[in-house]
Amino acid sequence: MSALHSKRPQDLGAWQRLAGLAKPRAGKPVAGRATARSRRLGPIFVDYSKQALDDEAVQALAVLASESNLASAIDGMFSGARINSTEDRPVQHTLLRAPAEVCPEEVATERERFVALADAVRSGQRRGYTGKPFETVVVIGIGGSQLGPELVVDALRPPHAPEVRFLANIDGDAAVRALAGLDPATTLVIVVSKSFTTLEARVNAETVRSWFLERTSEPRVVAEHFLAVTANQAVAAEFGIPPDNRFAMWDWVGGRFSLWSAAGLPIAIALGRGGFEDLLAGARMVDDHFRNTPLGDNIPVLLALMAIWNANFHGAATHAVLPYDRRLRLLPGYLQQLEMESNGKSVRHDGDAVGTHTAPVVWGGEETNGQHAFHQLLHQGTRAFSADFIAVVRAGHALDDHHDWLLANCLAQSKAMLEGRAADGPLAEHRSVPGGHPSTTLLLDELNPLSLGALLALYEHKVFCLGTIWQINAFDQWGVELGKELAGPIHEELATGEDQGAGHDASTAGLLTQLRRAR
């Protein structure tokens, strides 16, 4: 942990320098700024010329990265240092996308196993208990086991691939909808759970297993129709899943960084071997850039520094993710977990209070729908925010006029957020738009596995940089555990209809009483 130091972020000289430089977010462009404030990384062009940054602020942010020992932290992550300090683990999800000839043997072996199985499912060689090929895949998981794979499958699945449905929520309606209209003879189930005991995954898996058994009366159906991706092989075996249908997940891979592992099996089924390998290649391209590029030109580092500038020095408590491509409609939800579960922390590695704000609230929506929903608040509301616009240069369809309008709206919205409008005449005060809101625009040449893999890795490394600068552990999630612990006794009271004497607060006790009476 040599990259850590004792000073709080706000005690660093660069942080204090930035506090003195912070000004109202005029955000007006200056000559030459667009070229000076943009970078290209493979299939992605990143334009941050609409950020409220001058050269002095950029230089101070670069010094902050240096004083935060960011370069050393990057080396530590890639070299296998135990940077997940509270769980005493390394963080090595980048190994999952390394070429087979240089990654650990266990990773290469497991990758070949699940990709080969995906090919067999796609080709019809792998069949169900009646001999019929699989037509639908139901993926059971939650959080990182679901958000990343579902995003990629939803964005990239070709029409001829098997249908992939995701079941995550504990809500029974989610299970009913996931199974609606399916034939057990042609349905394959993948249970993705690192522990294989996560409440939602466990309950949903048991429900789906019962669904199969009730409709087939065939005990061997579980062994032939269920796959597991887990670190808890013993519990998966007890569930009835044989060794050949179980794939490994390692403790050095956090759930929200796991789509590159066997948790990406549904991706491999949807995209095929070539598509999955291209996804890994896109992420690996960003890994190489992140590890080997000086901080001042390092795109994930720059994205993180801009987030620090907006959130910590200009009061942007929220960050809007605005994808201008329907295929990326699930990106905001994926980034919510990646950023807020990683960096929603209030204490440093040593347990002392950070003493400054950390992760902003990440949110967003599918554009241009959002323009007719929440953009009014963005343009004329009173809240400070920052935004990422994500667009695709070449559309995946032949409706060119539609795509031109989509891109025009993307550019127009970022322009309006920056420049605003000083209206005159009748209702001038109502028609005026203040502007001055910072945004970054990311343009993907086209949306394919390579570019999407690069985009997701870009955000992963941004999150790591933010955690390093704030001196927090971006790889644990202890706050999530409390609600799980409290839910157990409450569930027991709901199931039995009896007060278990758990000592609830008055509000919770009253709500439980109301639920028991209503039932």
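Predicted model: local features only at pLDDT ≥ 70, side-chain atom pairs only at ≥ 80, totals over all residues.

Modeller: A helix is here a DSSP run of H or I with at least four residues, a strand is a run of E with at least two, and both are numbered from the N terminus. With these names, the lining of the largest pocket can be described: its largest share, seven residues, comes from α18. The pocket has a volume of about 1,200 Å³, and 43 residues line it. Nearest its centre lie T198, E341, Q477, E481 and K484. Two or more residues of the lining are given by each of α8 (199-216), α13 (331-343) and α18 (478-496). By class, the lining divides into 16 nonpolar, 18 polar and nine charged residues.

A cavity is a space where a 1.4 Å probe fits but cannot get out. There are two cavities of 30 Å³ or more. The largest cavity holds about 130 Å³ of space. It is lined by 14 residues, and those closest to its centre are L303, A307, H319, S386 and K462. Helix α12 and strand β10 are the elements that give two or more residues to this lining, and α12 supplies the largest share, five residues. The lining comprises six nonpolar, five polar and three charged residues.

Two packed helices are described by the angle between their axes and the distance between the axes. The axes of α1 (residues 13-21) and α12 (residues 299-313) come within 11 Å and cross at roughly 65 degrees, and the crossing is right-handed. On the α1 side the contact is made by W15, L18, A19 and L21, and on the α12 side by I308, W309, N312 and F313. Seven of these contact residues are nonpolar, one is polar and none is charged.

Six strands form an open sheet in the order β1-β2-β11-β10-β8-β9, and the pairing is mixed. Because β1 (38-41) and β9 (361-364) stand at the edges with a single partner strand each, one side of each has no neighbour in the sheet. On average, neighbouring strands of this sheet are turned by 20 degrees against each other, direction ignored.

Strands of a sheet pair through backbone hydrogen bonds, either parallel or antiparallel. Strand β2 (residues 44-47) runs antiparallel to β11 (residues 439-446), and four bridges join them; I44 has L444 of β11 as its bridge partner. Strands β10 (residues 385-394) and β11 pair in the parallel sense over seven bridges, and D388 has T440 of β11 as its bridge partner. Strand β8 (residues 318-324) is also joined to β10 by seven bridges, and the two run parallel. The bridge partner of T318 in β10 is F385. Helix α12 packs on this sheet, where it touches β1, β2, β10 and β11, and its direction makes about 140 degrees with that of β1. Helix α15 (residues 400-419) lies across β8, β10 and β11 and runs at about 155 degrees to β10.

The second largest cavity holds about 40 Å³ of space. Its lining consists of L96, V107, E110, R111, F114, W250, W260, S261 and A262, of which six are nonpolar, one is polar and two are charged.

A further open sheet remains. Five strands form it in the order β4-β3-β5-β6-β7, with parallel pairing. Strands β4 (163-167) and β7 (246-248) stand at its edges with a single partner strand each, so one side of each is left without a neighbour in the sheet. Neighbouring strands of this sheet are turned by 20 degrees against each other on average, direction ignored. Strands β5 (residues 187-192) and β6 (residues 226-230) pair in the parallel sense over four bridges, and V192 stands opposite V229 of β6. Helix α7 (residues 172-179) packs on the sheet, touching β3 (136-140) and β4, and its direction makes about 170 degrees with that of β4.

How values were computed:
Residues numbered from 1 in each chain as written. Heavy atoms only, no water. Pairing = 2+ DSSP bridges. Axes fitted to C-alpha atoms, helices over the stretch in contact; angles between N-to-C directions. Contact = heavy atoms within 4.5 Å. Left-handed = near helix turned anticlockwise from the far one by under 90°. Nonpolar A, V, L, I, M, F, W, Y, C, P; charged D, E, K, R; others polar. 1 Å grid on protein atoms, 1.4 Å probe; cavity = no way out; pocket = protein on both sides within 12 Å on 5 of 7 lines; lining within 4 Å. Points joined across faces, edges and corners; volume = space filled by probe spheres on them.
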